[in-house]
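Please open the model in a viewer and keep the selection tool at hand. The stops below state what to select and what is found there.

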Amino acid sequence: MIVGALLLGGLYLFPIWNITLEAPQYPEPIGMDIFINKFQGMNPNDIKNINIMNHYVGMKDIPEQIPEFEIFPLVTAGMIILGVLTGFIGKKNLYLVWFGLMVTFGTIAMYDFYLWEYDYGHDLKETAAIKFTDSDGEPMAYQPPLIGNKTILNFRALSWPRTGAYLMFLGMALSVLAYFQNKKEASNSSQQAQKAKEDDEEQYSHNVA
Amino acid sequence: MQIRNQIICCICAVTMLFIVGSCSQQGQTGALNSSLADRSYVAPGEHDEFYAFISGGYSGQLSIYGLPSGRLFRVVPVFSVDAEKGYGFNEETKPLLNTSFGSIPWDDSHHPDLSQTNGKVDGRWCFINGNNTPRIARISLSSFETEEIIEIPNSAGNHSSAFVTENTEYVVAGTRFAVPVPQRDMPIEEYKGNFKGALSFIKVDQETGRMNLEFQVMMPGFNFDLAHPGRKKSHGWMFFSTYNTEEASTLLEVNASQNDKDFIAAINWKKAEELIANGQFETIKTEYAHNVYEESTHMATSTMKKEVKVLDPAKYPGLVYFLPTPKSPHGCDVDPSGEYIIGSGKLAASMTAHSFTKMLDAIENKKFDGDAYGIPVINYEDVVSGVVQQAGLGPLHTEFDNDGNAYTTFFISSEVVKWKVGTWEVLDRAPTYYSVGHLMIPGGNSQEPFGKYLVAMNKITKDRYLPTGPELAHSAQLYDISGDKMELILDFPTIGEPHYAAGCPADLIKPNQTKIYELEKNNHPYAAKSDKEARIERNGNEVHVYMTMIRSHFTPDNLEGIKVGDKVYFHVTNLEQDYDVPHGISIIGANTSELLIMPGQTETFIWEPKKEGVWPFYCTDFCSALHQEMQGYIRVSGRNSNTPLKWSLDGD
Amino acid sequence: MKILIQPSLALLVLGFLISCGSSPQTEQAATNLAESHPKGQASVKDDVSDANILQVAIGSEAHSTLVAAVQAAEIEHVLVNAGPLTVFAPTNGAFDLLPEGTVEDLLKPENKQALATILTRHAAPGSFNVEALKREANKGRKIYMATGDYLEVVVDGEDIMVGGAKVVGTIQTSNGIINVVDKVILPE
């Protein structure tokens, strides 16, 4: 359980998400890694070049700073501390609570990401040089997919989780695994109540695992 | 039963694979089983296997081709101005063309050679000589820009240049014309015995590539034609071919063809280094320009140098020896082993191969046949190792493959002849269309040639292409030399007059390409690295415009307060940081070329408005979908008007 | 079993066909390439420029033997080269002076190289008109021929002798000079 919680630390080091744009004129695709505290181009000038391309259709520049970059690191830190504490306490139901919290925050984050993408793809400047419309005659939206691949004009936009997210998923999986392991141990221990003390030690070792 | 069937099937299939495999392997070695077109075909989007650096001759430039496709990728401006690229027109590159004679917009570029490490081509730099006003240029193979040009003093007709030694210790530059040194007013007929032939050794800094004229060997007044470095065992020596050892100054076609034999001069440059280190040299006054383009400032500077160290070979035994070589040798080419020096007497019917081992032995045992101006002449018989008999008419230049074969061009009989080094027997001959000058095998001037293709550079084109009036492109021809027989697989037109070429595998160069110039590292004193830095400054009638460009606008794009009689410097920075997004700029009535500015780069042009009015400027490179909108206006007011300086973009 | 083996063998045969299938096509391409310019530069069609040495010789009835010899030796392209070249061109009469059967012998394909050498010995790099020949004679200089031999020039009154043959006429062409001579110049 503790290891699971500590895996969240990877979020500080690795990008959580990535959006890549492929197009014939970019033999090396351009793209952006999303960290919990920043946006970073896959190559040094990618964000600048995405902004240059997007300004023609009226899309806003990708901001350097958003409020989420303040909040996410704090929430993550909180969850790590909470997870580690849970591990030490060793109550199996607390593991589930932690997992539940992660799912909740994750969903909120994904929803936030969706809102931002929606805004980014729909809120276009009135003065845009190029205005496309979709088949219904509505202004075309350039929203990248939440997850998956999508073709936008001559670009193929790919939106997928990255190392940070996978580490987080692994951490969450570990917390569930710890819950079931713990439950099994617990049922064993009820049959052998006289060895409760040793069980506690064993349980501790499982927690560490 | 079933199993046995399967086994038979397998055996058949495997056998078939072998057959197909063996045949396609033959194809690679040049057998006649793939179509000729296939062998020079590079599919759309695919890359060529080799770079070819082909001199532009009287265009003064260096052209870059791919082999085997023969496609032209770029013409690098070197010695001649190039309005297309702003080279020699913008303020940054003007100093590159400075000489002790002032700025010169043209030269005749002849012999490109590639830098080497341990005798192998290393893909760092290309050197090329300017023949008319003697100069050597260095071109970066990361940026494919001319980074440095050094003038060669005491020299005239810088022809036996720009050949590099095994570790690029030196680039050599030998004079074609003998001239008075120092230059002075004297009767031409007193040439003999008085004119000199300077052979220059230019040291190359291994980190930066910076060149320095280290010393000159002041030879008798012969004409020096071509040169090649010793390699492996002969490393430390440089060989120069000579003609006009008669020292004639008139009707050379007759008077310089009298001696049965001219010389190949063998210079021991390691010995020269010792002499220089020991202070055994003369310093003579002279004047020559040294021009360096600095990538971080995007700007060239020109410095005038005042003296040069000179070695007199008559004074220092062991520095120079002459190897007698029949009939005005043109090429003097050293085989990959460094043992043989091949002299191609351009009027001779045969070719002479000197042996380096025999040369050392002759020197040791003083097997000399007198001397010329105090320089020992080695006995012909004691240095010649073999003769390629009656191979053709008018041999010019020899290159080598990696299998011990040599390939020589014959101008008069219009052919390339393949022969065996060591046995001197002719193995194959292929006609050229027409009258071939030089030839090139990638890595052919190194220890390790890549003997797959041979490019023949022809002097005469006639009917090879669709006609274009009296003036025709010179023609190059590509031969597949991977098999026993040379096979012509492609004709392609070239720029100017290719005199010589160098080539190497593309993999040596591709990974080191400059794609953009980083804005953060742009140290141009007049750079505006963001729109916020864009501005106009006036200093008397000198006006400096700090302008930026990015898809798809200039900042500023409305300028006011310029007056007739002003000298307006447009310092324009391309803010793009994206590969292959250059922008250009020019303004109506500008008496100069456009600027073509690469991402992250700053360039400057001067505009001196002569008429009041509102004058437009625009982007000259189709940069983006809104390229046509990338434009602006400058208001020019009268000489004595009070229009204030004002600049804006979108009213801000 | 038979049914199974046969397709395998067919596959094998197919393998042979595929692997060598491209060669006839290539041979054809190679032939076309050679046929496009059998004589190199000599086959360039150009009836506007001044005539070159080869064209002048072809147009001269007195040099039909020489032209036949040049064609047999396949050295036409040398005579259309940028030059400048000087050709000492023996007339048909000069060839007739050779021992009987010599010319016929030399025209045989197996003697192509020998014939080429003999003819090349009649060509010198450079421009040598009558004045130039006299100048060389006066300065005691020999003429270097394309084979590497030297020919002596002797002025005897009005006559100019080169390598023992008398110059009986001089024609300026676009790529050099033809000096018509009355003898075939053979190695000494």
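Helices (H or I, at least four residues) and strands (E, at least two) are DSSP runs, numbered from the N terminus. This is a predicted model, in which local features need pLDDT of at least 70, side-chain atom pairs count only at pLDDT 80 or more, and totals for chains, interfaces and linings use all residues. Residues are numbered from 1 along each chain as its sequence is written, and chains are lettered from A and ligands numbered from 1 in the order in which they are written.

**Loops of chain B**

Select Lys327(B), in the loop between β19 (320-326) and β20 (329-334) of chain B. Its phi is positive, about 55°, although Lys327(B) is not a glycine. A residue is buried if 20 or more other C-beta atoms lie within 10 Å of its own, exposed if 12 or fewer, and partly exposed in between, with C-beta atoms placed from the backbone. Lys327(B) is buried because 24 other C-beta atoms lie within 10 Å.

Next, select Trp424(B), which lies in the loop between β28 (415-420) and β29 of chain B. Trp424(B), not a glycine either, has a positive phi of about 65°. With 18 other C-beta atoms within 10 Å, Trp424(B) is partly exposed.

Move to the loop between β29 (426-431) and β30 of chain B, where Tyr434(B) is found. A cis peptide bond, with omega about -10°, joins Tyr433(B) and Tyr434(B). Another peptide bond to inspect runs from Thr555(B) to Pro556(B); this bond is cis, with omega near -5°. Pro556(B) belongs to the loop between β37 (553-555) and β38 (558-563) of chain B. Most residues other than glycine have a negative phi, and most peptide bonds are trans.

**A strand residue and the cores**

Select Gly437(B) in strand β30 (residues 436-440) of chain B. Gly437(B) counts as buried because 21 C-beta neighbours lie inside 10 Å. Two residues are in contact if their C-beta atoms, placed from the backbone, lie within 7 Å. Leaving aside neighbours within four places in sequence, the contacts of Gly437(B) include Leu396(B), Phe411(B) and His499(B).

A nonpolar core is a set of buried Ala, Val, Leu, Ile, Met, Phe, Trp, Tyr and Cys residues joined through C-beta atoms within 7 Å. In the largest, of 171 residues, those with the most contacts inside the core are Val171(B), Ile267(B), Leu454(B) and Val455(B). Strand β13 (residues 211-220) of chain B gives the most to this core, with six residues. Now select Ile267(B): leaving aside neighbours within four places in sequence, its contacts include Val217(B), Trp237(B) and Leu319(B). For a second, separate core of 43 residues, select Ile52(A), Phe155(A), Leu596(B) and Phe605(B), which are among its members.

Colour chain A by secondary structure to show seven helices and five strands. Of the 209 residues in chain A, 23% are buried. Chains A and C have no contact, and their closest C-alpha atoms lie 35 Å apart. Of the two pairs of chains in contact, chains B and C share the most contacts.
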